[in-house]
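Okay, everyone, I've got one structure to walk you through today. Have a look at it while I talk.

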Amino acid sequence: MSLVKLPPFIVTLGTYGIAFALTHIYSEEQTISGLPGTLTYFDKTFPLGDTDITYGSVAMLVLFALAWYVLRQTAAGRHVYAVGNNPEAARLSGIDTRRVLLGVYTAAGLIYGLAALLLVARTGVGDPNAGQTDNLDSITAVVLGGTSLFGGRGSVIGTLLGALIVGIIRNGLQLMGVPSIYQTLITGILVIAAVAVDQFNRGRQK
């Protein structure tokens, strides 16, 4: 994508379609149970006071902490923000934009794989239909957390708070007995509203 300069959104959407289809082909439309312990390890818990904490929760916090450190405390992180804000200006300032983009896409792919592993550990099965709305939830969490879809602005802590907000909303809707299709509808409205606010703020800053 960074070498042939294809639109990132289109490549992501196309790759998602390919991965989704291959998953269904490989699983033959069947939910796979009886997974080995190595795939469900992150669902195991350890006591912390009167609460049992899953290893998956610890892994999530470690990933957030690592991402925060890289983006805020390293030159590579500052390069990511610079390329996201204005790729041409970043290139003229001496930043290898292709290398930065390749690193970002590689890191993103690794994180997606870890997220899938955490989901499998939580559910205990390999469901080919799992996570179909997670991409929308992820976008909503990122935008609600203050990250601009137009690049150059955002924080890992804000994304964590956005994810907590989406999780609370989803959990509240489930407790209220709201059908899943309406939960997706509400999430879609949230992300459009958040992007509209971001666009409005960008317009005021110009």
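Let's start at the hairpin of β1 and β2: there are two residues between the strands, and glycine 49 there takes a positive phi near 70 degrees. This is a predicted model, by the way, so keep that in mind throughout. The strands themselves are β1, residues 45-48, and β2, residues 51-54, and they pair in the antiparallel sense over four bridges.

Helix α1 itself covers residues 8-27, so to speak 20 residues, and its first and last C-alpha are 28 Å apart, close to the 28 Å expected at 1.5 Å a residue.

Now, aromatics. The structure holds four aromatic pairs. Take tyrosine 41 and tyrosine 55: the ring centres are 5.2 Å apart and the planes sit at 20 degrees, so that pair is stacked. Tyrosine 41 is in the loop between α1 and β1, while tyrosine 55 is in helix α2, so the pair ties together parts that are 14 residues apart in sequence.

Last stop, helix packing. How do α3 and α5 pack, and at what angle? Helix α3, residues 75-85, meets helix α5, residues 97-123, at about 105 degrees, with the axes 10 Å apart. That makes them roughly perpendicular to each other. From α3 you've got His79, Val80 and Val83 making the contact, and from α5 it's Thr97, Val100, Leu101 and Val104. By class, that's five nonpolar residues, two polar and no charged ones.

Note on methods
Residues are numbered from 1 along each chain as its sequence is written. This is a predicted model: local features need pLDDT of at least 70, side-chain atom pairs count only at pLDDT 80 or more; totals for chains, interfaces and linings use all residues. Side-chain values use heavy atoms; hydrogens and water are left out. Two strands pair if DSSP finds at least two bridges between them. Axes are lines fitted to C-alpha atoms, for helices over the stretch in contact, and angles run from 0 to 180 degrees between N-to-C directions. Angles under 35 degrees count as roughly parallel, over 145 as roughly antiparallel, 65 to 115 as roughly perpendicular and the rest as oblique. Contact means heavy atoms within 4.5 Å. Ala, Val, Leu, Ile, Met, Phe, Trp, Tyr, Cys and Pro count as nonpolar, Asp, Glu, Lys and Arg as charged, and the others, Gly among them, as polar. The expected span of a helix is 1.5 Å times one less than its number of residues. Rings of Phe, Tyr and Trp (its six-membered ring) pair if their centres lie within 6.5 Å; planes under 30 degrees apart count as stacked, over 60 as edge-to-face and the rest as tilted.
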